[in-house]
Amino acid sequence: MSPIFQQSATRNPPRARIGMRAGAIATWITLSCFCAAPYCVASNLSIEVFDRNGHSVDQAMVELVPASGSPAPVPKPAVMDQKDKAFTPEVLAVSVGSSVDFPNNDSVSHQVYSFSAAKRFQLPLYKGQLHPPVIFDTPGLVVLGCNIHDSMVGYIYVTAAPFFGTTDAHGVLALKDLPKGDYRITLLSPYITDDASSLTRSVHIEADSTTERFQLKLPLRTRPEPRPRRRDWDY
Amino acid sequence: MRLVLAALWMVLGLGCVRATAQSSFTLDGDLDVRWGHTSGETSFLNGGYGLLRFDPEHDGLVLGRAFLAPTWRITDIVSLHAVIDTYGDHNRNPVDLSECYLDIKPFPSSALRWRAKLGAFYMPISLENRGPGWTDVYSITPSAVNSWIGEEFRTIGAEFEIRWLGASSGYLGDLALVGAVYGWNEPAGSLLAEQGFTLSDRSSTLFGYLSSPPIGFYHEVDRNPGYYAGVSWHHHDRLEIRALHYDNRADPYAQTLSGFYAWHTQFNSAGARFEPGEHWTFIAQALDGSTSTAADEPDEPLFLMRYRAAFALASFEWNKERVTARYDEFHTHQLTDYYGGEAPGNQDGHAWTLAFTYEPSEHWQLLTEWVRARSSFPPRVELDESIIQTQSQFQLAVRYRFDLGS
């Protein structure tokens with residue numbers, strides 16, 4: 001799972017067709033804006049999540065909110081795919097206001113829906129990429145389902161935090177070029193059962209490279225939905 | 001000859017549908033060819049009191065079953081399902097419907113989702129028969145409980161389900177309540193009274209006959225609608241519990257001019273399927289009930305029979321293989337009058353089933369199964385047989401399975 005976070009202009013070098021003069025002006029403006037902020041030097045933050053047996057926990061969503069106030073979130077298009085009667089990724093994190101495509105690359109048709117308060121929507125029966133992207137404009141957890149296949153459940157975390165992402169297969173989320181300063185880190189997952197208060201903490205990021213480790217105390221929750229089977233009929 | 005005809009029919013059907021297959025039309029199907037070796041008495045399907053589908057006179061290379069299961073999505077929330085069957089035996093209709101119904105399933109706008117079925121379909125009772133066409137996914141032959149359901153029962157009416165989608169709401173699982181009103185099934189119970197419980201994957205079809213002498217199960221006799229009500233709970237992806245109360249509310253004194261009798265059949269069933277991990281499945285189900293019908297003479301008391309059956313199953317699945325072991329126990333007891341003969345049709349029996357399945361590819365499945373059934377059934381004396389019989393049946397099945405246009 002690749003981390004998703006708000007990117008500073010320094011990570012988007014001017015494209016080659018922009019002239020040298022325009023590029024220099026753009027860089028100057030970017031640097032000026034950057035240094036006007038309370039953060040002057042970037043840092044890398046690595047967040048690691050392990051269960052009580054020391055095994056890595058993937059698909060956990062992590063969000064970072066600067067103590068000094070958040071800049072407005074920048075929407076970014078994302079994709080929630082459907083393959084082998086499952087949502088891929090199972091857990092997706094997007095910035096509030098983002099549009100999400102729901103292509104169906106499965107061999108069977110699906111009917112995607114959500115009745116979550118953060119976003120209610122329905123995508124009638126389809127295969128391929130029939131429907132336009134869905135805009136997620138309210139922060140919160142959106143639980144996805146398929147009206148044909150009850151074993152399909154997916155999760156979209158819609159966040160107003162400027163920095164966020166989900167842990168990879170090694171239980172790690174690496175956030176790069178993070179402005180140094182104080183942050184509130186919160187861990188969210190449909191499978192983590194630890195008390196919510198133990199899943200949020202304040203950190204001060206000063207060094208060039210920092211690692212924060214979340215060690216869970218309670219076992220992870222098993223999948224609440226029925227187990228998917230290839231040729232299971234609804235009897 | 002029957003095998004060849006069935007294969008031709010299947011190929012023809014495939015060809016027609018492949019041309020028109022699209023996302024609103026899907027087609028599932030199986031072609032199941034078997035070789036069997038059976039010992040013991042003549043099967044109930046061929047005029048004997050044997051519990052198993054085949055017997056020494058009717059085994060060898062046979063068509064196990066061929067079915068086509070088309071689904072047409074008429075709108076986003078309404079679809080039409082049908083299962084068209086052939087078993088290659090002496091059914092009245094060589095090709096027949098075993099299910100045909102409209103399924104109405106709106107999108108949920110809250111954690112409560114309702115669903116309705118209209119037509120002819122299986123009641124939601126079996127935890128084994130979860131494959132297309134109500135096939136048993138753990139063995140070839142279903143348990144005695146679900147063999148009986150397949151033989152004598154089809155809901156011909158309307159079923160309504162309301163499901164609380166707890167799994168999508170942050171809770172431990174889903175809870176569903178289901179109820180149905182139906183008719184055209186008053187003869188249900190007659191085969192049980194005649195033969196006792198069986199172990200057979202030969203389900204009845206809507207317009208066909210089963211057993212010998214033949215019985216047709218789908219007739220309206222008394223114009224009294226029956227009902228069932230049930231509850232199911234999915235706990236995480238591990239456990240499913242189902243309970244159902246069935247009562248066809250038949251008038252036991254009713255009969256049609258064409259000779260079909262109404263049987264007042266009622267039962268309670270409860271079962272659970274536990275899947276603790278990726279490999280193991282455990283299923284247990286029990287059923288307890290009674291059936292009654294009028295005696296031949298008007299001044300005689302009602303024929304009344306109680307019955308109960310249960311099974312426990314353990315199955316281990318790994319890679320492309322699955323091994324299943326099941327133990328069945330079943331009893332019937334006539335409380336008043338004898339039905340159909342001089343000896344009471346009181347059955348006491350048990351059976352062991354061992355099955356192995358292997359799926360070398362997406363479309364092919366190889367199955368082998370051994371069933372041993374031992375039962376006591378006094379009416380056997382009418383055939384000059386011992387009351388207590390032991391039968392065994394070995395089957396080797398090759399299945400070709402497909403799904404088109406999904």
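**Aromatic rings and strands**

Guide: Let us begin with the aromatic rings. This is a predicted model, and a search of the whole structure finds 34 aromatic pairs over all chains.

Visitor: How are the planes of B:Tyr182 and B:Tyr246 arranged in their aromatic pair?

Guide: One considers the distance between ring centres and the angle between ring planes. For B:Tyr182 and B:Tyr246 the centres are 5.4 Å apart and the planes are at 15 degrees, so the pair counts as stacked, the cut-off being under 30 degrees.

Visitor: Which strands of chain B hold these two residues?

Guide: B:Tyr182 belongs to strand 7 (residues 173-183) of chain B, and B:Tyr246 to strand 9 (residues 239-247) of chain B. The two are 64 residues apart, and their pair links distant parts of the chain.

Visitor: Are B:Tyr182 and B:Tyr246 buried or exposed?

Guide: Both B:Tyr182 and B:Tyr246 are buried. They also belong to one aromatic cluster, whose members include B:Trp148, B:Phe153 and B:Phe330.

Visitor: What lies over the face of A:Phe214?

Guide: A ring may also have a charged group over its face. Here A:Arg201 takes that place, at 3.9 Å from the ring centre of A:Phe214.

Visitor: Let us turn to strands. What is the order of the strands in the open sheet of 3 strands in chain A?

Guide: The order is 3-7-10, and the pairing is mixed. Strand 3 (78-79) and strand 10 (134-136) of chain A are the edge strands, since each pairs on one side only. Strand 3 of chain A runs parallel to strand 7 (residues 98-101) of chain A, and 2 bridges join them. In this part of the sheet, A:Val79 stands opposite A:Asp101.

Visitor: Why is strand 11 of chain A described as largely enclosed by the rest of the structure?

Guide: One counts the buried residues along the strand. In strand 11 (residues 140-146) of chain A, 5 of the 7 residues are buried, so the rest of the structure largely encloses this strand.

Visitor: Which strands pair with strand 11 of chain A?

Guide: Strand 8 (residues 110-116) of chain A is one of its partners: 2 bridges join the two strands, which run antiparallel. A:Val112 has A:Cys146 as its bridge partner there. Strand 12 (residues 153-159) of chain A also pairs with strand 11 of chain A in the antiparallel sense, over 6 bridges. A:Val142 and A:Ile156 are bridge partners in that pairing.

Visitor: How many residues lie between strand 11 and strand 12 of chain A in their hairpin?

Guide: There are 6 residues between strand 11 and strand 12 of chain A in the hairpin that they form.

Conventions:
Residues numbered from 1 in each chain as written. Chains lettered and ligands numbered in written order. Predicted model: local features only at pLDDT ≥ 70, side-chain atom pairs only at ≥ 80, totals over all residues. Heavy atoms only, no water. Pairing = 2+ DSSP bridges. Helix = DSSP H or I, 4+ residues; strand = E, 2+ residues; numbered from the N terminus. Phe/Tyr/Trp six-rings, centres within 6.5 Å; stacked < 30°, edge-to-face > 60°. Buried < 20%, exposed > 50% of the residue type's maximum accessible area, 1.4 Å probe, protein only. Lys NZ or Arg CZ within 6 Å of the ring centre and 35° of its normal.
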